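I opened this notebook page to record what I looked up in the structure and in what order. The entries follow below.

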Amino acid sequence: MSDNMIERVAEAIHGYRDKPIPWDRCVPTYQVELRKQAKAAIEAMREPTKAIANAMLECEDGERTVQEAWSYLIDVALKE
C-alpha cells in the first residue's frame with residue numbers, strides 16, 4: 001500500500017471496479033484522471049460535518065492513539 005494518500009485513494013477508486021487490471025498496468029492517463037478524482041474526494045473532506053466534529057471532540061481525551069482516532073473519524077464519515 002502506498003504511503004501517499006492521493007495514490008491510496010486513486011487505487012481504491014480503481015479497485016472498486018469488478019476485476020480491475022493491476023494498478024501498475026493501467027495506462028498513465030487513466031491513473032492521472034483517478035488521482036484527480038482522489039484529490040477532489042480528499043478535498044471534499046476538508047470541512048468536517050457535525051458528526052465528524054463531534055467525533056473529533058471525543059478524541060480529545062487522549063485515550064486513543066493517532067491511528068485509532070484517525071480510523072474512528074473515518075468510520076464516522078463512512079456511516080453518514
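**Burial and overall form**

I began with burial: of the 80 residues in the chain, 19% are buried. I note that the model is predicted.

I then checked the confidence. The chain has a mean pLDDT of 93, with 99% of its residues at 70 or more. Confidence is lowest in helix H1 (residues 5-15), with a mean of 93, and highest in helix H2 (residues 28-43), with 96.

Next I listed the secondary structure. I found 4 helices and 0 strands, in the order α-α-α-α from the N terminus on. The radius of gyration is 15 Å, well over the 12 Å that the globule rule gives for 80 residues, so the chain is more spread out than a compact globule. Along the principal axes, the C-alpha atoms fill a box of roughly 45 × 20 × 20 Å.

I looked up surface and contacts as well. The chain exposes about 6500 Å², and carbon and sulfur atoms supply 57% of that area. Among contacts with a separation of 6 or more, 38% join residues 24 or more positions apart.

**Helix H3**

Which residues of helix H3 (residues 50-59) are buried? I recorded Ile-52, Ala-55 and Cys-59. Viewed down the axis of H3, these buried residues fall within an arc of 60°, so they line one face of the helix. I then asked what covers the buried residues of H3; the cover includes helix H4 (66-79). On the face of H3 turned away from its buried side, I noted the exposed residues Lys-50 and Leu-57.

Key
Residues are numbered from 1 along each chain as its sequence is written. This is a predicted model: local features need pLDDT of at least 70, side-chain atom pairs count only at pLDDT 80 or more; totals for chains, interfaces and linings use all residues. Side-chain values use heavy atoms; hydrogens and water are left out. pLDDT is the predictor's confidence in each residue, from 0 to 100. Helices (H or I, at least four residues) and strands (E, at least two) are DSSP runs, numbered from the N terminus. Buried means under 20% relative accessible area, exposed over 50%, partly exposed in between (1.4 Å probe, protein chains only). The arc is that of the directions from the helix axis to the C-beta atoms. Contact means heavy atoms within 4.5 Å. The radius of gyration is taken over C-alpha atoms; the globule rule is 2.2 Å times the number of residues to the power 0.38. Accessible areas come from the Shrake-Rupley method with a 1.4 Å probe; for residues, only the protein chains shown count as cover.
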